[in-house]
Amino acid sequence: LLMATAGTAQTPALTPPMTNDMVESYAVARPQADYVRREVMIPMRDGTKLFTVIVMPKGTKDGPMLLTRTPYDADKATSRNRSQSITEILPISDAEFVRDGYIRVYQDVRGIHRSQGDYVMNRPLRGPLNATAVDHATDAYDTIDWLVKNVPESNGRVGITGSSYPGFTALMALIDPHPALKAAVPQSPMVDGWIGDDWYHNGAFRQSAFDYIMRQTTKKGGGAVPYGSGDDYDVYLAAGSAGDFARAYGADAFPAARKMMEHPAYDAYWQEQAVDKLLGKRKLTVPTMLVVGQWDQEDSYGAPAVYEALGGAKNPLVHLVIGPWRHSGVNYDGSSLGKLDFDGDTGLQFRARTMKPFLDQYLKTGGKQADTPPVLTYATGGGDGWERARAWPVGKGKPIYLQADNGLAFTPAATAGAATFVSDPAKPVPFVPRPVHLRDGEVWRPWLVADQRFVADRPDVISFTSAPLDKAVHIAGQPMVDLFAATSGTDSDWVVKLIDVYPDDATAKPKTAGMQLPVGIEIYRGRYVHGFPTPAALTPGKNENYRFGLPHVNHVFAPGHRIMVQVQSSLFPLYDRNPQTFVPNIFDAKAADYKPATQRIAYGPGQASAVWLPVVP
Ligand code: PG9
């Protein structure tokens, strides 16, 4: 320090050479920062304080607030880069908002990162599963209440958004909402963890849950599953059942994993926390735009299910958006996915042209009426971009039937028959090309558009293919599987894929030549064919009718392309293996229960297996 005394300049005191160079704590100096970033602890009604970061452009006045409630670290979310520019510290998806004077608020949900309290993975609403006085609905309410009273730069209006888990918390805020909550944009929300979002799909367990839970719910030690660098396919196969895996790798020490495994069927535990069911029982009072990716590999079920539960087109407050995205892809560069290229950055297009005007209308002071369509979807394949609609689905179900000789056609097969294959649980079909690395984002994010030629030649994968189309087939809605199938075992999984087969000759676009593009992939655990809450053994050799939905899509099968339906009985190691012998609980299946089975896929009169395509006239 320079010290001046009575006009005589003194030699500055020098830092002694042996001073400890470690600084205890230091608030980063940002002399040029174009923003204000405030960290606060917001008290909830039970006294628990939640860590919240409020970020806004310097000089903000009368700003709308956009809140995200997250288990993924509010501090990290608001410190993307060490920068003095607001658009650099916040996620890229916030840029359009803060450039226009929005106040961005990120909060750690209770019990995680810097928030106080208990972390309950999918904290159920107060009621039969939650006897406390707090849940995500009350926490959102209390947070909004505090924000409108304590952020003087705001105009007192709040919107809520977020993808996936934060999509789930955005939906929960709609239950008995705070009057200052004026709009919501839940993206890829986790809605029903058993039917079709993160933990199970139609009863088949997603083993990726273990790694997620072990990473997300460990305070010290623990963390990710030590897969090593080989092939996760081998790791899971060697372990045995998913239950054996959990016991061997210590996942059973994690309450979140135990809760999941203790409820293999669709019992009250799942039914009572299904957010679409919770919202369906209430009147929606907040304008809500539900968003999902057409190839959402984590939460494809939630957004369309909530749209339907809230009354769909009959409810003027609800909007649905389906983009050509992977899970949460809406918040990143949406120019491409796997081998597919789109018409520009579809993520940015949606955020800037649809989401922001929608929020502006309800959140800005004197917000302008936006031209928000009830439904906005992006037509992929031979389609040409964004399409507005009054209601979803747009198309009407038209069956495309499985045929003899691996054929597929819009007319039913004249004579009954069946195609067979042997499914061997010792050699399950991989869900992506091996070696499998479940944690590799480059593989995980686009896996739902992975070219299926990598398995099409396996004897346990059966394909039914149409003739080349002479005119385009445009589908917009949810393709429905209507499969008549039998197994020689007493339990079985059925995986059905709807595929767009690109022509082999495609010199203009060699990377997609001959591609088998999955338009939708879904799995169904056979034991639930007579009811999700009531698993039962299958009768060997007896045809059962399996009916289930594929993810919602807007896709155009172009002229010259072929439509394909592929069937197999495993999707490993993403989904645990079905032993193909009925056991009361598959988590406890023993090695001897895993048996090869002959699978019969039926077609023709009385057993007309088909996929109902939502064809746009
Ligand atoms: N799909 C993730 C998730 C949602 C809800 C619960 C647990 C996980 C996510 O991406 O947040």
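Residues are numbered from 1 along each chain as its sequence is written. Because the model is predicted, local features require pLDDT of at least 70 and side-chain atom pairs count only at pLDDT 80 or more, whereas totals for chains, interfaces and linings use all residues.

The protein chain comprises 15 helices and 29 strands, where helices (H or I, at least four residues) and strands (E, at least two) are DSSP runs numbered from the N terminus. Along its principal axes the C-alpha trace spans about 110 × 55 × 55 Å. The radius of gyration, taken over C-alpha atoms, is compared with a globule rule of 2.2 Å times the number of residues to the power 0.38; for 617 residues a compact globule would have a value near 25 Å, and the 26 Å of the protein chain agrees with this. Buried residues make up 51% of the 617 residues, a residue being buried if 20 or more other C-beta atoms lie within 10 Å of its own, exposed if 12 or fewer, and partly exposed in between, with C-beta atoms placed from the backbone.

The ligand is surrounded by Asn122, Ser164, Tyr165, Phe168, Met190, Asp198, Tyr212, Glu298 and Asp299, each with its C-beta atom, placed from the backbone, within 6 Å of the ligand. Phenylalanine 168, one of these residues, lies in helix H5 (residues 165-172) and counts as buried because it has 27 C-beta neighbours inside 10 Å. Leaving aside residues up to four places away in sequence, phenylalanine 168 touches Asn122, Pro189, Met190 and Val275, contact meaning that the C-beta atoms, placed from the backbone, lie within 7 Å. Threonine 70, 98 residues from phenylalanine 168 in sequence, is 9.4 Å from it in space, C-alpha to C-alpha.

Glycine 541, by comparison, is placed in the loop between strand E24 (516-525) and strand E25 (544-549), and counts as exposed because it has 11 C-beta neighbours inside 10 Å. Beyond its neighbours within four places in sequence, glycine 541 is in contact with Ala486 and Ser488.

The largest nonpolar core has 168 residues, of which Ala173, Phe210, Ala257, Leu290, Val306 and Val565 touch the most other members; such a core is a set of buried Ala, Val, Leu, Ile, Met, Phe, Trp, Tyr and Cys residues joined through C-beta atoms within 7 Å.

Technical notes. Two residues are in contact if their C-beta atoms, placed from the backbone, lie within 7 Å.
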